[in-house]
Amino acid sequence: MAVNDSFTPPDRTGSLAGKRILFFSVRYFGYEQQIISELLRRGAEVDFLPDRPFNTPLMNALSRYARGIVLIFATRFYRNRLKNLENKAYDLVFVINGQTLSKELLSEWRLKMPKARFLFYIWDSMRNKPKAHEILRYFDECITFDPEASKRFGMRLLPLFFARGFENTDQEATYDISFVGTAHSDRHRVISRIDQSLPADIRRFWYPFLQARWVFYIQKIINPAFRAAKFEDFRYDPLPFKRVQEIFVKSRTIVDIEHPHQTGLTMRTFEALGARKKLITTNASVKDYDFYHPDNFYILDRKKSIRAAFIHKK
């Protein structure tokens, strides 16, 4: 598909004044709202469409494991929503992940919005989203946070970011170590190993989140990392974004456990940088970035325990 060069990029001040943007993104811990706020701050007019529009744990699971079924209903949903927006001439169609965007719908959008530039960004591993490569050809530019996907698919590499509010506030620490995040893959097992290895005087805050109570029982069956897990080990209500920030800035050390299939640095890495927090991470590729320093980053083997001296070290 030919590249559309009609979209004028922001000037050096980052201004998007007068630009109309159709923004399509998964809802994820409020980050999509942070992006919308930044686009609006720069002067853009933004319309939002949610990836995985049927935002329930069951439909999210079906989006991953029975995507073809979900696409039928999602496509119908997006067509109906866009009927109310058809008289708008968009300058940019900005898609993050695009898990429930069908090839047919994207083809329609390209025909209906011939002057728009189509931009794709994925902040998950392409190995976790095996169908994502099928829609790349519908975009003028495709960007990833993952070095492996960048090399494999020829996508531009662009690391993640931290939202406003994670800047260092010099607040007194309430916790020595904390973790807030979805309990996917082997995260529970790694957190449990860290917790058991820490002395009793270490103040800790753990918030391993599952989307629903029934998800725990499914994980017990299909995920070996949940074999020793207990129902009460998890939290089933998502924390508001502001509460996540509050816990973060009051923690001396942050735990970051990336999905085993990804090489890109997580959002937590950059939030730790912004807040000037020490980071314990299982992602060894952090050593490849110029901000890495062993005093601030502890690279943890997923199968080993943590040395508490790193947490105590000023």
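This is a predicted model: local features need pLDDT of at least 70, side-chain atom pairs count only at pLDDT 80 or more; totals for chains, interfaces and linings use all residues.
By the rule used here, the count comes to two cavities of 30 Å³ or more. A cavity is a set of points, on a 1 Å grid over the protein atoms alone, where a 1.4 Å probe fits but cannot get out. Residues are numbered from 1 along each chain as its sequence is written, and side-chain values use heavy atoms, with hydrogens and water left out.

**The largest cavity**
- Its volume, the space filled by probe spheres set on the points, is about 50 Å³.
- S178, F179, V180, V244, I247, F248, I254 and R268 line the largest cavity, each having an atom within 4 Å of a point.
- β7 (175-182) and α8 (241-249) are the elements that give two or more residues to this lining; helices (H or I, at least four residues) and strands (E, at least two) are DSSP runs, numbered from the N terminus.
- Six of the lining residues are nonpolar, one is polar and one is charged.

**The second largest cavity**
- This one has a volume of about 30 Å³.
- Around it sit S125, M126, R127, E148, A149, R152 and F153.
- Its lining has three nonpolar, one polar and three charged residues.

**A look at α8**
- F241, V244, Q245, I247, F248 and V249 are buried in α8, meaning under 20% relative accessible area with a 1.4 Å probe, protein chains only.
- The cover over these buried residues includes α1 (31-41), β7, β8 (204-209), β9 (251-256) and α9 (267-275).

Technical notes: On a 1 Å grid over the protein atoms alone, a cavity is a set of points where a 1.4 Å probe fits but cannot get out, and a pocket is an open set with protein on both sides within 12 Å along at least five of seven lines; lining residues have an atom within 4 Å of a point. Ala, Val, Leu, Ile, Met, Phe, Trp, Tyr, Cys and Pro count as nonpolar, Asp, Glu, Lys and Arg as charged, and the others, Gly among them, as polar. Buried means under 20% relative accessible area, exposed over 50%, partly exposed in between (1.4 Å probe, protein chains only). Contact means heavy atoms within 4.5 Å.
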